[in-house]
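Q: Could we go through this structure together? Please keep the answers plain.

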Amino acid sequence: MTNKDTSALSEKDGVSQPETTSKSSAEKIKRNRRKTTSTEDFVTQIIAGNIPFLSRAITLVESTNPKHQQQANEILEACLPHANKSVRIGITGVPGVGKSTFIESFGKHLTSLGKKVAVLAVDPSSSVNKGSILGDKTRMEELVTDENAFIRPSPSGTSLGGVAQKTRESIILCEAAGFDTIIIETVGVGQSETAVHSMTDFFLLLKLAGAGDELQGIKRGIIEMADAIVINKADSGNEKNAKLAKVEFNRALHLYPAKESGWQPKVLLASALHHQGIDAIYAMIEEYMNLVKKSGYFQQKRNEQNNYWLLETINQQLKNNFYNNPKIKERLQQEVTKLENGKTTPFTAAKRLLNKNYGRQ
Ligand SMILES: Nc1nc2c(ncn2[C@@H]2O[C@H](COP(=O)(O)OP(=O)(O)OP(=O)(O)O)[C@@H](O)[C@H]2O)c(=O)[nH]1
Ligand SMILES: [Mg+2]
């Protein structure tokens, strides 16, 4: 009881604390400012392949602090001419399908070929579980310690759009740092496959062989996005089921209209755990890249993706400006009350909020 009283009292006394806090945080800011690295240094180091600098730049990209964002944008613009020279591969599949195990095996195969591999993720739920990649880095034990690999968990964030944009910007930084193969993982929460599809050149769906009902439970549109379906865990007595699944997926894929890329999506078997089928998967991706680079589709798709992200970023920014505006917050609350009291309609309320404030952001 006494303790409680004391702590309650000390809380009251604590009214003066903010000053102390602000003093110390002011000092911190000063200290940090002294330590701040110039954009030029960042860019030079990133292009030289300096991983700690790459990590720090990604942290700036992920920051919500406007000053950090400003510097991140400057770094991104300067890095852009050094980016774009990579293969970007999207990988999706339900939890437990073997994404991490696959990325470990696939990534090691790539580094053994002399490639530099960056693994990023789009996982909007990562603010809760700290990111699927980080959560099971144990499944990527070898890749984690490979000096030609860079693994970064998903940025945290509340909206998929925000998380995806940060990952997309991180791709540019990784490419500028010399990573020629970028793997983007997603567990496929909400629309995250669509987001990953819109930032990659090749989209790979990992599947398990089921009991003959392979197409059940697959989200609409995923098959259409896939450039390849890899049936994982084709081992330990599961080989026959995997082969049957391959036939069924092949049949299903042929029902879809031809892809604009001119590529006929393929179905392959793999055992990520036993490193089987991995080299064939990479050979297939190389075949795809040769095809689309020759036809010009590669550049066309990247241009389309850039346009998409331009509009997406504008949408995000407009929304953020709107909802983070204190006046809007207040008026929105007022409109909600009016709505609850039957004094307005959602449409009139929305119009009023938008009309009054749009031009003043
Ligand atoms: N037999 C067999 N097991 C595998 C294979 N690939 C992965 N596994 C096992 O399946 C389990 C899940 O693998 P993960 O790589 O963690 O799967 P994930 O898709 O990353 O799962 P989340 O991170 O939860 O989304 C682990 O116990 C792996 O050892 C495989 O090719 N064959
Ligand atoms: Mg995983």
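Q: Which helix gives the largest share of the shell around ligand 1?
A: Helix 6 (residues 99-112) does, with 3 residues of the shell. Helices here are DSSP runs of H or I with at least four residues, strands are runs of E with at least two, and both are numbered from the N terminus. The model is a predicted one, in which local features need pLDDT of at least 70 and side-chain atom pairs count only at pLDDT 80 or more, while totals for chains, interfaces and linings use all residues. Residues are numbered from 1 along each chain as its sequence is written, chains are lettered from A and ligands numbered from 1 in the order in which they are written, and side-chain values use heavy atoms, with hydrogens and water left out.

Q: And which residues come nearest to ligand 1?
A: Lys99, Ser100, Thr101, Arg139 and Asp235 come nearest, out of 17 residues around the ligand. A residue counts as near if one of its heavy atoms lies within 4 Å.

Q: What does Asp235 do there, in terms of distance?
A: One of the polar side-chain atoms of Asp235 is 2.7 Å from a nitrogen atom of ligand 1. For Gly98, a backbone N or O atom is 3.0 Å from an oxygen atom of the ligand. A polar contact is a pair of N or O atoms within 3.5 Å; within protein, one must be able to donate a hydrogen and the other to accept it, and residues adjacent in sequence count only if both atoms are side-chain atoms.

Q: How much of ligand 1 does the protein cover?
A: The protein covers 77% of the 650 Å² of accessible area that ligand 1 has on its own. Such areas come from the Shrake-Rupley method with a 1.4 Å probe, and for residues only the protein chains shown count as cover.

Q: New topic: how many helices and strands are in the chain?
A: The protein chain has 17 helices and 7 strands.

Q: What share of the chain is buried?
A: Of its 361 residues, 43% are buried. Buried means under 20% relative accessible area, exposed over 50%, and partly exposed in between, with a 1.4 Å probe and protein chains only.

Q: Then why does Asn306 count as partly exposed?
A: Asn306 counts as partly exposed because its relative accessibility is 39%. Asn306 lies in helix 15 (residues 297-324).

Q: How far is Asn306 from Met199 in space?
A: Their C-alpha atoms are 8.6 Å apart, although Asn306 and Met199 are 107 residues apart in sequence.
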